[in-house]
Amino acid sequence: MSTRVPISIEGNLVADPDYGESQNGTKFAKFTVAVTDRKQVDGTWVDGDTQYHRTTVFGRTAENVRASLAKGDTVIVNGNLEFRHWTDQATGEPRAATEVVADSVGPSLRYTTAEVNRRAPKADGPDASTTGPEWGAETRTAGAAPSFT
């Protein structure tokens with residue numbers, strides 16, 4: 001049984017993402033995002049507890065994660081928090097796990113800058129407009145006009 005809860009998190013990658021391909025050919029990336037609350041105690045900022053969110057993303061987004069993100073990067077992840085429950089076949093013990101299945105992943109611009117490199121759309125027709133311009137790759141640096149290649 002699986003329950004999904006929408007979630008948005010901002011945190012740091014604890015390691016370089018792992019990449020793979022499923023038996024049916026779907027590409028995926030798996031990574032862990034560390035999220036640490038900060039709170040002010042008597043006028044001083046103090047780190048709170050750190051939560052670690054195991055995250056998986058599929059398809060083209062996984063390819064973009066592979067090309068763009070590495071250990072230590074601050075990311076923003078939007079997706080669903082999935083809760084899984086099962087019985088361990090070897091011990092008969094109940095088990096539970098949570099995982100974020102991401103719809104979108106990107107670098108946080110809170111402490112860094114980023115360069116946007118649009119990929120040409122994979123789809124034709126109405127789906128093409130959701131994946132980028134049809135004429136090729138666009139590169140944009142903060143404060144500069146877009147350039148197309």
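How many helices and strands are there in the chain? In this predicted model, the chain holds 1 helix and 9 strands, and their order from the N terminus is β-β-β-β-α-β-β-β-β-β. Among the contacts between residues at least 6 apart in sequence, 54% join residues at least 24 apart.

The pLDDT averages 84 over the chain, with 79% of the residues scoring at least 70. Among the elements, the highest mean pLDDT, 96, belongs to strand β2 (residues 18–21), and the lowest, 45, to strand β9 (residues 147–148). Over residues 131–149 the pLDDT stays under 50, although the model has 36 contacts beyond four places in sequence for this segment. Where pLDDT is low, the predicted coordinates should not be read in detail.

Ser-108 is located in the loop that lies between β6 (94–107) and β7 (115–117). With a relative accessible area of 2%, Ser-108 counts as buried, because this value falls under the 20% cut-off. When residues up to four places away in sequence are not counted, Ser-108 touches Glu-10, Thr-74, Val-75 and Ile-76. With one of these residues, Glu-10, the side chain of Ser-108 also forms a side-chain to side-chain polar contact of 2.5 Å.

How values were computed:
Residues numbered from 1 in each chain as written. Predicted model: local features only at pLDDT ≥ 70, side-chain atom pairs only at ≥ 80, totals over all residues. Heavy atoms only, no water. Helix = DSSP H or I, 4+ residues; strand = E, 2+ residues; numbered from the N terminus. Buried < 20%, exposed > 50% of the residue type's maximum accessible area, 1.4 Å probe, protein only. Polar contact = N/O pair within 3.5 Å; in protein donor to acceptor, adjacent residues only side chain to side chain. Contact = heavy atoms within 4.5 Å. pLDDT = per-residue confidence, 0-100.
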